[in-house]
Amino acid sequence: MHNAKFIRYAAFSACVAFAAFQAGQVLADSANDKFFDAALCKPPYTMTSAMKIYDVVEALAKPDTSSLGAAIYKLPNQIGRDGFKSTEIFFANNAVGVLIEGERADDLAAKYGLKPETSDLLGTSTKGYSRELPADLQPEPGMAGPGKVSIVARQGNALPGKTLLACEFVQDF
């Protein structure tokens, strides 16, 4: 009788552990999709879309705010898409993205149809690429003023061994 109870308890515990693992994997896959989609401007950058991704990452990690005036969130698990891997989510002013492992700006540009940038952002990037979203995906002029949303890939000395892939809103001045 005692062995039967133990076997039922062990079987129940194994089922709970398996279910928790499966739920964790679904949440991880969902977060993976959300983070890479946000970096690829799916949906295009808005304060609302940025806040949604911010809420997801805030539940997973606490930010490091010590570099570039950005908040960088170290994830508990590695995420990836299209052969690019990351463990960090990036938020700064009007940008949200992922920090890709390695100096991969050229690879990201080739994969996502990005073109070389004409500026190095006052020396902060050694290599940068971008692509403006089509007009129908640009935000309506609003409180932030007119501007453009672009997908960007940048690498530089400030983030050695990493490449920023981000969706960025830049105001027109």
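Glutamate 117 has a relative accessibility of 22% and so counts as partly exposed, whereas arginine 154, at 10%, counts as buried (buried means under 20% relative accessible area, exposed over 50%, and partly exposed in between, with a 1.4 Å probe and protein chains only). These two residues form a salt bridge whose closest N and O atoms are 2.8 Å apart, the term meaning a side-chain nitrogen of Lys or Arg within 4 Å of a carboxyl oxygen of Asp or Glu. The pair links distant parts of the chain, 37 residues apart, with glutamate 117 in the loop between strands E5 (115-116) and E6 and arginine 154 in strand E7 (residues 147-155).

## Basis of the values

The model is predicted, and local features need pLDDT of at least 70 and side-chain atom pairs pLDDT 80 or more, while totals for chains, interfaces and linings use all residues. Residues are numbered from 1 along each chain as its sequence is written, and side-chain values use heavy atoms, with hydrogens and water left out.

## Other salt bridges

The search of the whole structure finds 8 salt bridges. In one of them, glutamate 88 pairs with lysine 162, with 2.7 Å between the closest N and O atoms; because glutamate 88 lies in strand E3 (residues 84-92) and lysine 162 in strand E8 (residues 162-171), the pair ties together parts 74 residues apart in sequence. Helices (H or I, at least four residues) and strands (E, at least two) are DSSP runs, numbered from the N terminus. Glutamate 88 is buried at 11% relative accessible area, and lysine 162 is partly exposed at 27%.
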